[in-house]
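Dear colleague,

Please find below the structure that I am handing over to you.

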Amino acid sequence: NFGNPDDPGCHVPFALSENGETLYLHSGADGVLTGYNDQEKFDASETAVAFGRYQKSTGTYNFVAMSVNTPGGANAYPKVGPVVISEIMYNPASFEGVPPSDRGQDARDTEYIELLNISNSAVTLAEYDNEQLVDVPWRFADDSNGISFDFPLGTIMAPGEHLLLVKDLAAFDSVYSADDGVQIFEWGAGRLNNAGEKIQLSKPGDLLEGTRYYIRIDRVNYSDGSHPAGEDPWPIEPDGSGNSLTRIVPADYGNDPENWIAANPSPGE
């Protein structure tokens, strides 16, 4: 009832933004703060989808979209999909010992990300903006090395379909062989961080005062298994040894090291 001026606890009515903000909770008595405080930042949200606190295998928490709204009850499992990040090649094996004439491409240019449609329906990677009267594409981005890729309008993923984002298509083709028919797009500028970073697939939300807000579809804050050494729960083998990070159960929550293993690269499979 914080938006109800007639509620006895309400001093100044306020509302929560669908484009995200931060909430603060403080203890107090007789108009004085008494020490306890908590805060939670949340991102842009879909209509009628609540955010909730979810404990991961590491004991830490994420505040994410829930699969079901449960006011007054235990939180439901996080909302997963319809498209997820299913494989990450962030630090390909180097060409150490290979003569320069045989290298062809920089090993770093063979980075790739695999996406998977886990739903039973086709997913168009764009949303229609009712105010601007245009289609706005979904976006893949990282938070440290300058990757920001908008999917071409008209991109559709069939149920169960894999899609690949690659740093450089020629470099990728020199090392890997994706199945015929797999959609592959170059993201161009920027690289995945070898030490780990946050990568995110988002769909467009509101356009407000010239700023487009994006709603998280899937996010993985991966690490290289060494930060800090001996305590990092992420597998270390994908850090330059030729393995990729591979999601174990696509329909399970993705931003948890428990759901990722080191595996042989299988882009598009």
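In β11, Asp150 is the bridge partner of Arg139. Arg139 belongs to strand β10 (residues 139–142), which is joined to β11 by three bridges and runs antiparallel to it. Strands are DSSP runs (E, at least two residues) numbered from the N terminus, and two of them pair if DSSP finds at least two bridges between them.

This is a predicted model, in which local features need pLDDT of at least 70, side-chain atom pairs count only at pLDDT 80 or more, and totals for chains, interfaces and linings use all residues. Residues are numbered from 1 along each chain as its sequence is written, and side-chain values use heavy atoms, with hydrogens and water left out.

The two strands lie in an open, antiparallel sheet of four, ordered β11-β10-β15-β16. Because β11 (148–150) and β16 are the edge strands, each with a single partner, one side of each has no neighbour in the sheet.

The search of the whole structure found one cavity of 30 Å³ or more (a set of points on a 1 Å grid over the protein atoms alone where a 1.4 Å probe fits but cannot get out; lining residues have an atom within 4 Å of a point). Its lining has 21 residues, with Val64, Ala65, Lys79, Arg216 and Ile217 nearest the centre. Two or more lining residues come from each of β4 (61–65) and β16 (211–223). β16 gives the most, with five residues.

Kind regards

Definitions and conventions
On a 1 Å grid over the protein atoms alone, a cavity is a set of points where a 1.4 Å probe fits but cannot get out, and a pocket is an open set with protein on both sides within 12 Å along at least five of seven lines; lining residues have an atom within 4 Å of a point. Grid points are joined across faces, edges and corners, and a volume is the space filled by probe spheres set on the points.
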